[in-house]
Structures are given as C-alpha cells and as structure tokens.
Amino acid sequence: MPSHHSGPGYVANPVAPDNYQLDKPLRDAAARWLNLVPAEHRHHGGESAKDALETLREHTRSGPDHPLRALWVAHRHLSDPAPAVRIASLVLASEALWWLGYFEDARTAAQAAVDADPTSAQALWRLAVALYRQGRFEEAGERLDDLLKLADRFAPAWALRGQVKVWLDPDNPGAGRTDFAAAAELTSDSGTWVVPYRMAGADFQATAEAQVRVHDSETGSSSGEPVDVVLLPDKSRVEKGVDPDRRWYLEGPSSGGGDSNSLFGGLGGDFAAGARTRVPFGTRFVLYQRNIENLCQDRATLREEIEKSVAELYDAALGQNATIAIKGAPEQHAEGANVPGDENG
C-alpha cells in the first residue's frame, strides 16, 4: 500500500436521481462482493441518511488500510432508501474492491455509479482508475476528460491523464507533458507531482548497465546478464493484472520475482559491502523507462531512481529481503488518491 491517500473522501452529489435502483446483474455482483468479506469484518450498525453519508466518507478515508471493512459498509448501504447513499456506497465499494485487487468488480461498481449520476466526480474517478488498472487506457482517458470538466483543480486526475497519454504514445518523449505540468502547478508547494525528466533510450540503458557494474564491484555479486530497458510493461500482462506503473521486472529462476501482489511494485533492499553472491543463471533484469522517469523531475533524481531499481532487482534475485538505503524518487501514484467531495468539485 502507498503511504499517502489524499482527499477528504466521498460526499454524495445531491442531484442523484430518485428513481435509481440496482439492477439484477449488479445485485448478483454485490452478492459476490459480500462473499469476499470474512465474518470478523462484519459489524452492523444503523445510521440516518446523513450519518450514512458520513460513515461512507470515513471509510473512504481509511479504505486503503481496511478495504474489507469498507466493502462491508458499502454493501450494507447498496439498498439504502436514499439514492445519494446508494450511489455513495457504489463508489466506496469500487474503491474497496480496487484496493483488494478485484479491478473488474471495481469497474462494475463505478460504472453503475456513473450511470446513476454522470455528474459525480467521485464516480468518474473510481471508474477511470479501475479502467487504468485494467489496461483500458483509451477509456480511462475519456473518463478523465469528463472528470476534469467537473474538477479541474484535482491534480491526481491531471497526473493520471498524463500517464494515460504516455501509455497511448510511449515513443513520444513529450506525451502527457502538459498534463503532468498542470498537476505539478497545482501542487507546487508540496512537490508531489512532477514533470517527468526524459532521458534518451541509449543514455538510460548505459546508465542502468553502469549501475549494475557498480553494484557488482561493491558487493562481489554478479548478474551474469546486462539489464534490459523497455519503455513500459507489456500491455497483455497489464490486462492480466500487472501494475501498469511498476518500475521493474525480474524474470528467471528466483522466487522473488518482479510481479508480486504488491500494488505498486516490489520493494527490495540495500546490500552489505563484501557480500559475495551470484544471481542465478538465466535471470533477466528489466527496467521500465517511462515509469521510472514519471517519478523524476531531473536527471540527478532519475539516476538515483535507476540505482534504487537495480538494488531492488538484485534483492529480489538473491532473496535477501534487506532494507533499502537508496532514497530515489517519492513513490507517488495518482490512482491512490481520492477526489474531494462532489459539491467542492
């Protein structure tokens, strides 16, 4: 889980239609969601419509830490008499399912919320991030276009639309640049979002290979093979569940692997000087250039992020599970954020 979770949480749009009802396919899906929640996360309590919205807001704030509990709360309110509460519960269900890794179900819930209220910034955001996580980048971009018409000061939406444009045109170093710049301008004081520094492919490759040599010389280790640099993960793998924002991939006999269940990529460790170990033969190190660059606003940070990524690759390949000492760039990912309340959009 990422360390940040911005935004005050969901506030339902007051114009939610009075005649909105859950259809049978959605009811069937909701029954499946309920089966995901073990008994220890099911705690019932009654609230008024006003208190129900506040409850949904609270669970949106804590959703990354307690997604099963959030899913249970959302499920309880899917048939609430107040349409606004029902829509809010769909948004919360979508977020909880997203954090749990059920991205198609997250999309289903968010789509139902958007169908019920196309002017809900919250619903559009949850739909966009679910589509993005499934590798459906064109559709994610369309929903982000809709969202930014409603909430044009929501920096993560600009940043995510920039990432979408990179996916749609990865060979273009300027893809998404204006959107990244818009996000950075909105959060200039905190420095959360950056305009990515782009490095020529050959330069990036040379920097990565030089870092492998430095690491080998400092630790007595050997990778056996140079690191491969590609622009982005293979889209077919993203469609099967690989994080589209991951920075590296380890392919080979190691049990560590680069494609873990961690939402934002594997975190490895630093290495004690003099540790003489060898990476298993046939292991392939892969760095994803655009995803590494997307975190870095200047060349110095990018070089450090390459260094950290190489260290993580070695850690996974050798199974050392040590603690990272290289700082690198902040692990900021737009899709972990929440839109402010719809009435503030």
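What should the 20 residues of helix α13 span at 1.5 Å a residue, and how far apart are its end C-alpha atoms? I kept in mind that this is a predicted model.

**Entry 1, α13.** I took residues 299–318 and worked from 1.5 Å a residue, so the helix should span 28 Å. The end C-alpha atoms are 29 Å apart, which agrees. I then checked cover: 15 of the 20 residues of α13 are buried. After the helix comes Gly319, with a positive phi near 65°.

Gly135 follows α6, and its phi is positive, near 80°.

I looked up the largest nonpolar core and found 61 residues in it. Trp33, Trp125, Leu144 and Leu147 have the most contacts inside this core. Elements giving it two or more residues include α1 (24–35), α4 (83–100), α7 (137–150) and α9 (177–186). Its largest share, ten residues, comes from α6.

Which residues does Leu147 contact, leaving aside its neighbours within four places in sequence? I listed Ala121, Leu124, Trp125, Phe154 and Ala157.

I also noted a second, separate core of 21 residues, with Phe285, Cys296, Leu302 and Leu313 among them.

Key: Residues are numbered from 1 along each chain as its sequence is written. This is a predicted model: local features need pLDDT of at least 70, side-chain atom pairs count only at pLDDT 80 or more; totals for chains, interfaces and linings use all residues. Side-chain values use heavy atoms; hydrogens and water are left out. Helices (H or I, at least four residues) and strands (E, at least two) are DSSP runs, numbered from the N terminus. The expected span of a helix is 1.5 Å times one less than its number of residues. Buried means under 20% relative accessible area, exposed over 50%, partly exposed in between (1.4 Å probe, protein chains only). A nonpolar core is a set of buried Ala, Val, Leu, Ile, Met, Phe, Trp, Tyr and Cys residues joined through side-chain atoms within 4.5 Å. Contact means heavy atoms within 4.5 Å.
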